[in-house]
Amino acid sequence: MFFVRLITLFLLFSTHLYTGQIHASQAQGGQIREYWVSAEQVVWDYAPGGTNLIVPTNGLGPWGETHAYNKYRYFAYTDGSYSTKVEQPEWMGILGPQLIGEVGDTLKVHFKNMADRPLSMHPHGMRYDEDNDGADLRGAGGIVLPGKSYTYTWRLDEKAGPGPADPSSIVWVYHSHVKAVEEVYAGLIGTIVVTSKGMAKSPQDPSPKDVDKSFTTMFMVFDEEDGEEAGLMHAMNGYIFGHLKGLEANEGEKIRWHLVGMGSEVDLHTAHWHGETVLNGGRRTDVINLMPSTMTSVTMEADNPGTWLYHCHVSDHITAGMITRWQIHPLNQAESD
Ligand SMILES: [Cu+2]
């Protein structure tokens with residue numbers, strides 16, 4: 001009898017210890033990452049200067065008649081005073097700020113609507129409650145009126161992170177979801193990167209430690225003129241005919257490419273790299289299929305120095321300018337020069 005009591009006591013005690021440890025690790029497991037994001041009205045130029053940087057003599061064709069349009073964009077600020085914008089790398093183009101965290105982290109996104117219409121931020125893949133869905137015209141964050149703010153809380157739980165066949169980081173989109181279709185075409189779209197638990201470079205830098213560099217490209221035909229060809233901007237991150245710049249790596253670097261497709265039934269894209277191949281969930285390829293609102297993350301060993309094309313391989317889309325160049329700089333630049 002004494003022995004049974006002893007075991008019971010031990011079991012109770014050890015269960016208590018065990019749950020205590022789980023609570024403790026949950027409490028301390030993960031960073032809270034704050035972002036200050038605005039929505040603002042801008043003029044966006046799909047081809048600054050009006051040139052075709054891939055085949056200059058071809059010009060921009062019908063897309064050259066008008067290549068700048070009134071749009072809306074998400075911007076990141078350094079803090080809640082909304083006075084200093086965070087600079088984005090050139091290759092991000094029209095995309096909103098990239099939010100990033102490790103599994104276990106929480107994103108606190110302070111959204112301020114500085115535009116002239118009700119807007120929101122709706123994330124894919126995150127763990128959120130109805131107030132933080134940023135959609136469906138419901139919940140505290142479903143509609144943010146002009147001049148108003150809302151702080152979204154999105155948890156990066158296991159199910160927001162890379163799965164068994166995924167690489168160490170994966171990409172999700174976020175976009176405005178009051179009139180979602182109009183607002184994505186308007187430019188209100190950005191990305192979220194989630195790194196596997198334990199794979200972050202450091203608590204300050206949640207990008208994955210097994211890659212040197214990451215790029216994100218979105219393939220979407222922006223519809224600027226109700227389906228008129230001249231207003232169908234076949235863009236990569238909002239640029240056409242070679243104007244997406246800054247996709248530059250160094251020889252020997254391991255690169256994570258995040259790819260996003262958005263849009264409608266014309267948006268069947270086949271992203272194709274010249275010069276290198278990639279690993280996609282254990283499969284080797286140099287073309288990634290993208291459908292509207294699909295997201296794929298692949299890995300590349302950049303060991304073939306050169307300036308290479310990167311484009312959608314759908315014939316009609318090549319003609320319409322869904323094409324740019326990327327570069328791998330040789331390890332010993334001096335020697336090759
Ligand atoms: Cu395409």
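Begin by selecting Asp226, whose place is in the loop between β9 and β10 (232–236), where strands are DSSP runs of E with at least two residues and helices are DSSP runs of H or I with at least four, numbered from the N terminus. Residues are numbered from 1 along each chain as its sequence is written. The model is predicted, so local features need pLDDT of at least 70 and side-chain atom pairs count only at pLDDT 80 or more, while totals for chains, interfaces and linings use all residues.

Is Asp226 buried or exposed? Asp226 is exposed, because 7 other C-beta atoms lie within 10 Å; a residue is called exposed at 12 or fewer such atoms, buried at 20 or more, and partly exposed in between, with C-beta atoms placed from the backbone. The phi angle of Asp226 is near 45°, a positive value in a residue other than glycine. Select Asn237 next, in the loop between β10 and β11, where phi is near 50° and is again a positive value in a residue other than glycine. Asn237 counts as buried, because it has 23 C-beta neighbours inside 10 Å.

**The whole chain**

Now zoom out to the protein chain, which has 4 helices and 19 strands and in which buried residues make up 42% of the 337 residues. Two residues are in contact if their C-beta atoms, placed from the backbone, lie within 7 Å; among contacts between residues at least 6 apart in sequence, 71% join residues at least 24 apart.

Colour the chain by pLDDT, the predictor's confidence in each residue on a scale from 0 to 100. The mean pLDDT is 92, and 90% of the residues reach 70 or more. Then select residues 6–27, over which pLDDT stays under 50 and for which the model has 0 contacts beyond four places in sequence. Where pLDDT is low, the predicted coordinates should not be read in detail.

**The nonpolar core**

Select Val109, Ala235 and Ile240, which touch the most other members among the 81 residues of the largest nonpolar core; such a core is a set of buried Ala, Val, Leu, Ile, Met, Phe, Trp, Tyr and Cys residues joined through C-beta atoms within 7 Å. The largest share of this core, 6 residues, comes from strand β9 (residues 213–223). Staying on Ile240 and not counting residues up to four places away in sequence, you will find that Ile240 touches Tyr46, Ala47, Trp63, Met233, His234, Ala235, Gly321 and Met322.

**Strand β1 and its partners**

Select strand β1 (residues 32–45), which is joined by 8 bridges to strand β4 (residues 106–113), the two running parallel; strands pair if DSSP finds at least two bridges between them. Within this pair, Trp36 stands opposite His110 in β4. Strand β1 is also joined to strand β2 (residues 68–77), antiparallel, by 10 bridges, and the bridge partner of Trp44 in β2 is Tyr69.

Remain in strand β4 and select Asn113, which counts as buried because it has 24 C-beta neighbours inside 10 Å. Which residues is Asn113 in contact with, leaving aside its neighbours within four places in sequence? They are Ala39, Leu119, Val144, Leu145, Pro146, Gly147 and Lys148. Asn113 and Pro146 are 33 residues apart along the chain, yet their C-alpha atoms are separated by 5.2 Å.

**Two open sheets**

Select next the 4 strands that form an open sheet in the order β3-β8-β7-β5, with mixed pairing. Its edge strands are β3 (99–102) and β5 (122–123), each of which pairs on one side only. Strand β3 pairs with strand β8 (residues 189–195) in the parallel sense over 4 bridges, and the bridge partner of Gly101 in β8 is Val194.

Another open sheet, also with mixed pairing, is formed by 5 strands in the order β11-β19-β18-β13-β16. Strands β11 and β16 (287–290) stand at its edges with a single partner strand each, so one side of each is left without a neighbour in the sheet. Inside this sheet, strand β18 (residues 306–312) and strand β19 (residues 323–329) pair in the antiparallel sense over 6 bridges, and Thr307 stands opposite Gln327 in β19.

**Last stop**

Leaving aside its neighbours within four places in sequence, Ala249 is in contact with Lys213, Ile255, Ala302 and Ile328. Of these, Ala302 is 53 residues away from Ala249 in sequence and 7.3 Å away in space, C-alpha to C-alpha.
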